[in-house]
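Hi everyone, thanks for coming. I'd like to walk you through one protein, beginning with the overall picture and ending at a single residue. Have a look at this.

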Amino acid sequence: MSETKHPYSTIDEYIAQCAPEAQPMMRDLRAIIREVAPECTEKISWGMPTFVYLGNLIHFAAAKKHIGLFPGAAAVEAFAEKLEGYESSSSSVGTVRLPLNKPLPAELVREIVAFCVAENIREDAEKRAKKESSLESLPNMGKVLAHNLRAVGIETPAQLREAGVKDAFLRIRAVVDPGACIQMLYGLQGAVEGVRDTLLPAEVKADLRAFFQSL
């Protein structure tokens, strides 16, 4: 589903078209977000000012009597006690209503933004670790080869290195693919060394060829 087009494309344009009484609080919110997360970028997403750092970080939007701040459900839950006195919801987007007739809780907003930054950093690190721990992150590792390795109990790059290329190949031939060819052996070696199989040194290929011919 595509986003609805709006008559504004930047946060400056968004703020300018809002009611005058809402503009100062939005400018203050924007300044705080930029202060706490100086590396974030800005965009309009789903019609709202959106700040991005390792993924969507936080949003805000103007309403008739309040500014809606959208830091995500985890942030709303984490600051539940400090948000007493403000209407909030820990639904999927996580909503905090900041009344226009009350001062902006600047320090609380700083803490919420810092929490969002930390959460995005944590989630990004988890994604990177998961990717690096998958067989598919290795060169030469197509779906078939990864499937074959998992079928013989080798599920991570570390387990492949521990087993060794020749033992992994023997397991595949014994359990999954009796007709496994020498190209698969080259691919496994390249995966362990972190290079394409075409870049393996001649002496390495010669050793693997001798091993394959001895089977």
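So, among contacts (heavy atoms within 4.5 Å) between residues at least 6 apart in sequence, 49% join residues at least 24 apart. Before I go on: this is a predicted model, where local features need pLDDT of at least 70, side-chain atom pairs count only at pLDDT 80 or more, and totals for chains, interfaces and linings use all residues. Residues are numbered from 1 along each chain as its sequence is written, and side-chain values use heavy atoms, with hydrogens and water left out.

How far does the C-alpha trace span along its principal axes? About 85 × 35 × 30 Å. And of the 215 residues, 41% are buried, meaning under 20% relative accessible area, with exposed being over 50% and partly exposed in between (1.4 Å probe, protein chains only).

Now let's zoom in on Arg30. You'll find Arg30 in helix H2, residues 23-36; helices here are DSSP runs of H or I, at least four residues long, numbered from the N terminus. Is Arg30 buried or exposed? It's buried, because its relative accessible area is 17%.

Who does Arg30 touch? Skipping neighbours within four places in sequence, Arg30 contacts Ile11, Asp12, Ile15, Glu42, Phe51 and Phe60. Two of those partners come up again: the side chain of Arg30 makes a polar contact of 2.5 Å with that of Asp12, and one of 2.8 Å with that of Glu42. A polar contact is a pair of N or O atoms within 3.5 Å; within protein, one must be able to donate a hydrogen and the other to accept it, and residues adjacent in sequence count only if both atoms are side-chain atoms.

Definitions and conventions: Helices (H or I, at least four residues) and strands (E, at least two) are DSSP runs, numbered from the N terminus.
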